[in-house]
Amino acid sequence: MPRLEIKRSILARLIPGLTSLTKRGSAGWMTVFGLVIVSSMVLMTVLGPLFAPYDPTAINVSPPPNPSPPNADFPLGTNLLGQDMLSRVLHGGSVMLQVALLSALFCFIIGVPIGLLASYTGGMLDKAVTLVMDSFYAFPGLVLAVAIAAMMGRGVVNMALSIAVVYIPSYYRIVRSQVLAIKELPYTEAAQATGAKGSTILLRYILPNVVPSIVVVATVNFADAILTAAGLTFIGLGVGIDVPDWGWDLTQGRQLLPSGAWWVITFPGIMIVLLALGFTLVGEGLSELLNPRLER
């Protein structure tokens with residue numbers, strides 16, 4: 001009973017919040033659709049392994065010939081190794097979500113403090129940091145991620161770090177532009193006039209006003225990180241081949257597509273597109289909701 005009451009209380013708070021978003025026009029509906037897609041994909045990733053009919057790494061669970069098209073025993077078919085595609089689809093989102101979460105966390109931990117400190121301090125520190133960030137920003141994102149991943153090797157953490165290096169300059173730019181505007185506002189100048197410490201001004205007066213912009217950047221970063229992670233795995237710089245991952249299935253599917261095995265690449269590709277689309281919709285919706293000019 002207590003668990004049931006907790007679930008009901010969560011739904012009672014969540015549903016009115018989503019309903020209020022739908023009253024905010026197209027931006028609200030966009031955010032709701034994105035949240036529904038993302039939450040569905042996360043739920044599938046968390047609960048999917050409990051319902052997967054086979055071990056996603058097991059070979060030859062289907063009798064030859066393989067790959068076999070979708071049928072009653074294997075609803076999404078099998079790949080060249082005789083692995084069940086449904087089981088791999090249900091397990092494969094874990095790597096994508098881990099990489100996206102870790103990369104956003106690394107960007108937040110590194111990019112936000114640097115942006116706050118450098119832009120608030122100003123002077124040579126701001127110029128030097130901005131020059132370094134602009135130099136990173138000048139590189140094509142995927143090329144830079146590939147170069148870093150090639151040096152660091154495979155693994156979820158290494159993928160997240162290589163992606164984070166690409167997007168830290170974006171966090172820095174957003175934070176810097178916000179801080180430069182906020183520190184000239186009357187309430188910030190009043191805090192300085194009363195003798196408030198720089199750390200107090202940053203944490204109490206500036207950071208809370210920067211957070212909404214960071215949230216928007218983070219959601220867009222999620223979508224980009226998912227696509228970049230898929231690209232890294234596609235070229236062999238992601239996780240090991242023994243880990244079920246949508247990126248690896250894309251690699252196999254590309255090789256099998258000329259033979260007519262369309263299902264091997266189609267279903268993992270749909271999952272990647274849906275997950276990236278969900279985060280993109282949330283980011284675009286929040287951007288309009290938090291910016292009154294865009295909402296109008």
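Me: What should be kept in mind about the model and its numbering?
Reply: This is a predicted model in which local features need pLDDT of at least 70 and side-chain atom pairs count only at pLDDT 80 or more, while totals for chains, interfaces and linings use all residues. Residues are numbered from 1 along each chain as its sequence is written, and side-chain values use heavy atoms, with hydrogens and water left out.

Me: Why is the pair of tryptophan 262 and tryptophan 263 called edge-to-face?
Reply: Rings of Phe, Tyr and Trp (its six-membered ring) pair if their centres lie within 6.5 Å, and planes under 30 degrees apart count as stacked, over 60 as edge-to-face and the rest as tilted. A search of the whole structure finds 5 aromatic pairs; in the one formed by tryptophan 262 and tryptophan 263, the centres are 5.8 Å apart and the planes stand at 85°, so the pair is edge-to-face.

Me: What makes the pair of tryptophan 262 and phenylalanine 267 tilted?
Reply: The distance is 6.0 Å centre to centre and the angle between the planes is 50°, which falls into the remaining class of the ring definition.

Me: Why are H9 and H10 called oblique to each other?
Reply: Helices (H or I, at least four residues) and strands (E, at least two) are DSSP runs, numbered from the N terminus. Axes are lines fitted to C-alpha atoms, for helices over the stretch in contact, and angles run from 0 to 180 degrees between N-to-C directions. The axes of H9 (residues 246–256) and H10 (residues 263–290) come within 8 Å and cross at roughly 140°. Angles under 35 degrees count as roughly parallel, over 145 as roughly antiparallel, 65 to 115 as roughly perpendicular and the rest as oblique, and H9 and H10 are therefore oblique.

Me: Which residues of H9 and H10 make the contact?
Reply: With contact meaning heavy atoms within 4.5 Å, H9 contributes Trp246, Asp249, Leu250, Gln252, Gly253, Arg254 and Leu256, and H10 contributes Val264, Ile265, Pro268, Gly269, Met271, Ile272 and Leu275.

Me: What makes H9 mostly covered?
Reply: Of its 11 residues, 9 are buried, among them Trp246, Trp248 and Asp249. The buried residues of H9 pack against helix H2 (26–51), H3, helix H8 (198–234) and H10.

Me: Why does arginine 88 count as buried?
Reply: Arginine 88, which lies in helix H3 (residues 85–121), has 2% relative accessibility and therefore counts as buried. Leaving aside residues up to four places away in sequence, arginine 88 touches Pro56, Asn79, Gln83, Val243, Pro244, Asp245, Trp246, Trp248 and Asp249.

Me: Why does isoleucine 270 count as partly exposed?
Reply: Isoleucine 270, placed in helix H10, has 38% relative accessibility, so the residue counts as partly exposed. The C-alpha atoms of isoleucine 270 and valine 89 are separated by 9.9 Å, although these residues are 181 residues apart along the chain.

Methods:
Buried < 20%, exposed > 50% of the residue type's maximum accessible area, 1.4 Å probe, protein only.
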